Amino acid sequence: MRTPHRRLLSGLLALPLLSGCFASSGDDSSASSESGGGARLRVALPFAPTENYSPYGQDAMLLSRLGVIEGLTKLDANGTAVPALADSWSSENGGKSWVFTLRDARFQDGEAVTAEAVAAALTAAGKADPAPSALSGVKLTATAENDKRVRVSTAEADPVLPLRLSNPSLAVFAPKAYDSKGKVNVVGTATGPFALTRIDGDTAATLNRFDDYWGGRAQASGVTARFVSDGTARANALRTGEVDIAESLPVAQVTSLDKNTVKEVNTARNTSLYLNTKSGAFTDAGLRAAAREAIDTSVIAKGAYEGYAVPAQGLFGPALTWAAGKRVEPAGRARATGPDGKSITLATYSDRPELPEAAQVLQQQLQKAGFKVKLEVRTYTRLEGDLLGGKFDAAVFSRNMMLDTGDPVTVLAGDYTCDGSNNLSFLCDKNVDKLVADAQAESDTAERQAAAMKAEAAVLGTDSVIPLVHLKLVAGIATSVQGALPDPYERTLIGTGTRR
């Protein structure tokens, strides 16, 4: 089984940014740049870029939310793949090959988006090491059939390839963005409505409107983004008018804000307790069962999340409307055994302020059940190495279940199979692997969803993960702002119609 690699952690960013990795475009527009019309948007974001704005990791999600990048497809509100740079597509060779027809579009450096450029971009993503999580277990070949048609082929039939290509890590950049070592300079080379023009270390970034965007000229002249890890500081910046949008507000701050500035969105994000099945106390299935039985998720939903979450029903929550009717009850769970004072270490990170409080509740509940619990709370950057190294018995973690591809089966494969690259529980179960493989073979959407829920039940039956709550996104958006785009998949925030 592979160790989870660094880009597994949805919504989280890993290593300190090395400032100065990109040259500025020389256009310092942080003042206002109103000559083109439309006020600049001021945005406070919780997580700074940590991979030098590489499109192949979680920084891609940041670039997507800021309206910088896009791929051939995107997800609509229902999780369906819809046109982006590709205007249409069709499947051939039993799903082993897909042909995408491009719309007329330009890169932010002025060059036309061509099939050759798209094929080169997808090829570069496929060669990235480690590969983007959306390509976990998939090797694709991209070739230009003519100037406007790109053929994307896979060794095995991939019925969700259009969904897969919606992942921001598979965004398309101008040829000049790529160097000989596989690194990508995203400054002024993407295709979105806003171009990244200036980077100020890990504290701020400046974006200017890209006037030749195929989807129409954005109404804001640009975006000034600040990376503010402290949730109270983000809320205060919104309250005092320093920013127009503050992403991911701590629920404890909501009551202190004008209710008209607070926007709630059901998301596909869960907070779950991941139990280490590879080493330590929770290699024992009976102790995992004891942990599950000790936990009251309603206390966490009402306490730590103050009602901005609901007790989890499984891995896939209410934002995915199809899940409830297809849910399968887990079977074959081990019988709980007495903890008898077994010592465990429970870890979480402080970057999401509700997590330490949720972990404290869990600590109390597990201690009441008979465990001895040591709690470790760090910033994520200080926690990550030990977490990925399996140094903890359990971890409280926040995960957007649809972030990678919008396909539930792909998430299950990445998070819970023996070779999964995002496997925080280090689970390796033959039955789970088989059911996930069965689901991967389904091309019909409804059948694929039903198969995914059977696999979900098998995962839950191992007690390797204990879903705690399904989260709501709480964003602060000033009343002067219109057209902001918070979504359940956490891929969008700023678009062409976002303005103040």
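Which residue in S7 does Val99 stand opposite? The views below are taken from a predicted model.

**View 1. Pairing of strands S5 and S7.** Val99 stands opposite Arg151, a residue of S7. Strand S5 covers residues 97-102 and strand S7 covers residues 149-154; the two run antiparallel and are joined by 5 bridges. Strands of a sheet pair through backbone hydrogen bonds, in either a parallel or an antiparallel manner.

**View 2. The open sheet of 4 strands.** The strand order is S4-S5-S7-S6, and the pairing is antiparallel. Strand S4 (86-92) and strand S6 (140-144) form the edges, each pairing on one side only. On average, neighbouring strands of this sheet are turned by 20° against each other, direction ignored.

**View 3. Helix H2 on the sheet.** Helix H2, residues 115-127, packs on the sheet and touches S5, S6 and S7. The direction of H2 makes about 165° with that of S6.

**View 4. The buried face of helix H11.** Helix H11 spans residues 430-440, and Val432, Val436 and Ala439 are buried in it. Seen down the axis of H11, the buried residues fall within an arc of 55°, so they line one face of the helix. An α-helix has 3.6 residues a turn, so residues three or four places apart point the same way. The cover over the buried residues of H11 includes helix H10 (408-416) and helix H12 (445-461).

**View 5. The N-terminal end of helix H11.** Asp429 caps this end of H11. A side-chain oxygen of Asp429 lies 3.0 Å from the backbone nitrogen of Asn431.

Note on methods: Residues numbered from 1 in each chain as written. Predicted model: local features only at pLDDT ≥ 70, side-chain atom pairs only at ≥ 80, totals over all residues. Heavy atoms only, no water. Pairing = 2+ DSSP bridges. Axes fitted to C-alpha atoms, helices over the stretch in contact; angles between N-to-C directions. Contact = heavy atoms within 4.5 Å. Buried < 20%, exposed > 50% of the residue type's maximum accessible area, 1.4 Å probe, protein only. Arc of directions from axis to C-beta. Polar contact = N/O pair within 3.5 Å; in protein donor to acceptor, adjacent residues only side chain to side chain.
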